[in-house]
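Colleague: I would like a close look at one part of this model. Please keep to what can be read from the atoms.

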Amino acid sequence: MGKKPSPYGAVQNTRRLLDIILGDPLDPDNVFGWDHVVENLPGMSDYKPWEPNISKRTKDGCIALDSTDYIDDMRRSGPMLEKTHGVAGKIGKKSAHHGCQVSAKKYCIKSL
């Protein structure tokens, strides 16, 4: 192994960073805050095919802003495109503060 960086270590640090960025979901000032999880699965009596199968929701029932990672790329999702793009700045600033490089051109919008 030697002194080469491990892919496991890089992904592990990205996961830790994501936990720091998302913060406490119960904090009312947190933009990533959510209140409950809604399941919308095929076969349910109130199934809506245009909504995601599982989603985090705010107290008023809207889909909460979220960020997930795929290897080393963070992907954001939310109810409106404007809010979702606004979160990119927060993710970039916190990532840079912790020493991770973030490229806005690599962002992908997660389909809902």
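How many residues does H2 have, and how far does H2 reach from its first C-alpha to its last? Please also describe what surrounds H2.

Modeller: This is a predicted model, in which local features need pLDDT of at least 70 and side-chain atom pairs count only at pLDDT 80 or more, while totals for chains, interfaces and linings use all residues. Residues are numbered from 1 along each chain as its sequence is written, and side-chain values use heavy atoms, with hydrogens and water left out.

H2 has 17 residues and reaches 25 Å from first to last C-alpha. That is close to the 24 Å expected at 1.5 Å a residue, where the expected span is 1.5 Å times one less than the number of residues. Helices (H or I, at least four residues) and strands (E, at least two) are DSSP runs, numbered from the N terminus.

The buried residues of H2 are Thr 84, Val 87, Ala 88, Ile 91, Gly 92 and Ser 95. Buried means under 20% relative accessible area, exposed over 50%, and partly exposed in between, with a 1.4 Å probe and protein chains only. Viewed down the axis of H2, these residues fall within an arc of 150°, so they line one face of the helix; the arc is that of the directions from the helix axis to the C-beta atoms. On the face turned away from the buried side, H2 carries the exposed residues Glu 82, Gly 86, Lys 93 and His 97.

Ser 95 counts as buried because its relative accessibility is 1%. Its side chain reaches the backbone oxygen of Ile 91 at 2.8 Å.

The buried residues of H2 pack against H1, strand E3 (66-70) and strand E4 (73-77), contact meaning heavy atoms within 4.5 Å. The largest nonpolar core has 9 residues: Leu 17, Leu 18, Ile 21, Leu 22, Phe 32, Leu 65, Met 74, Val 87 and Ile 91. Such a core is a set of buried Ala, Val, Leu, Ile, Met, Phe, Trp, Tyr and Cys residues joined through side-chain atoms within 4.5 Å. Helix H1 (7-22) and helix H2 (81-97) are the elements that give two or more residues to this core, and H1 supplies the largest share, 4 residues.

Met 74 of this core sits in strand E4 and is buried, with a relative accessible area of 9%. Met 74 and Leu 18 are 56 residues apart in sequence but 8.4 Å apart in space, C-alpha to C-alpha.

Just after H2, Gly 99 takes a positive phi of about 90°.

Terms used: A polar contact is a pair of N or O atoms within 3.5 Å; within protein, one must be able to donate a hydrogen and the other to accept it, and residues adjacent in sequence count only if both atoms are side-chain atoms.
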